[in-house]
Amino acid sequence: MNFLAHAWLAHAGSDEFLYGNLIADGVKGQDLTAWSPEVASGIRHHRRVDAWIDRHPNVLKAKRRAPSAQRRYVGIALDIVWDHFLARQQAGEQQHQLIERCYQLLQAWPAPQRLSTMMPLMIKHDWLHRYADFDFTCRAVAGVGQRLSGPNRLAELVPWLYEDYPCLAADFSVLWQECRATLTSSGGTTEGGDYLKMVKVKGINDGGGYA
C-alpha cells in the first residue's frame, strides 16, 4: 500500500500515529527510540501492513500475471496502483479531509531525509487526490522508475497496468476489504491530538531510504 491507503488504515489514531504511518518508508532499522512513542507505533503499524500486503494471495496472483522481465519491480507499481483504486472508491468529503490532514502533518513536521524532497512535491501537486486519475497514477509509477538504476522497468510495466486494469480492480476490491477489517488501527494511543502539539522527537531528519 502507498500513502493514501496507510492514511486510511491509521486515520482513527492520533496525529502522531498517523504521521508515523506516513513517514515509515523513510525510517530504517528496528531501533525507534529516537521517535516519540506514538510516532514509533505508527511506523511499526505501517510495517505490519506492508508485510501483510506482500503475503496476500491477491497480491501474489497479480505479481504472477505481470510480464516476467519486470516482475521483480511489480510490487512497487502495485503499491501505487492500490492508491488509485482507493482514491476512486473513497472519493468524497471524508477522504478530502483525511488528505488535508496528511498534508498539514507533513508540512508541520518534515519527513526523514530520503523522503524530504518527495513530500513537498506530493503536497504541492496534490498527488493523493490525483491518484484517482489512472493516467496520473501510471506517470507516477514511471517516475519512481526513473529514480532506480538501470533501465526504467516500472515504465515498461505501464502497458500491462492498463491491460490488466479490470483484474487489478477485482484484486483490490477483495484486498482492501480484508485489509481494512484486519489492519485498521488507532494505535492504542490518545486520539485526536493537535499536530502542532506533537512531542518533539530527535533525529527527525535522520531516517533511511524510501523503499
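In this predicted model, Phe85 is buried, its relative accessible area being 7%. The ring of Phe85 is one partner in the eight aromatic pairs counted here; with Tyr165 it forms a pair whose centres lie 5.0 Å apart and whose planes meet at 50°, so that the arrangement is classed as tilted. Because Phe85 belongs to helix H5 and Tyr165 to helix H11 (residues 165-183), this pair ties together parts that are 80 residues apart in sequence.

As Phe134 lies in helix H9 (residues 134-146) and Tyr165 in helix H11, the pair ties together parts that are 31 residues apart in sequence. Phe134 is buried, at a relative accessible area of 9%.

Helix H5 (residues 74-89) additionally packs with helix H1 (residues 3-10), the two axes coming within 7 Å and crossing at roughly 55°, which makes H1 oblique to H5. On the H1 side the contact involves Phe3, Leu4, Ala5 and Trp8, which meet Asp83, Leu86 and Ala87 of H5. The residues of this contact divide into six nonpolar and one charged, with no polar residue among them.

Methods
Residues are numbered from 1 along each chain as its sequence is written. This is a predicted model: local features need pLDDT of at least 70, side-chain atom pairs count only at pLDDT 80 or more; totals for chains, interfaces and linings use all residues. Side-chain values use heavy atoms; hydrogens and water are left out. Axes are lines fitted to C-alpha atoms, for helices over the stretch in contact, and angles run from 0 to 180 degrees between N-to-C directions. Helices (H or I, at least four residues) and strands (E, at least two) are DSSP runs, numbered from the N terminus. Angles under 35 degrees count as roughly parallel, over 145 as roughly antiparallel, 65 to 115 as roughly perpendicular and the rest as oblique. Contact means heavy atoms within 4.5 Å. Ala, Val, Leu, Ile, Met, Phe, Trp, Tyr, Cys and Pro count as nonpolar, Asp, Glu, Lys and Arg as charged, and the others, Gly among them, as polar. Rings of Phe, Tyr and Trp (its six-membered ring) pair if their centres lie within 6.5 Å; planes under 30 degrees apart count as stacked, over 60 as edge-to-face and the rest as tilted. Buried means under 20% relative accessible area, exposed over 50%, partly exposed in between (1.4 Å probe, protein chains only).
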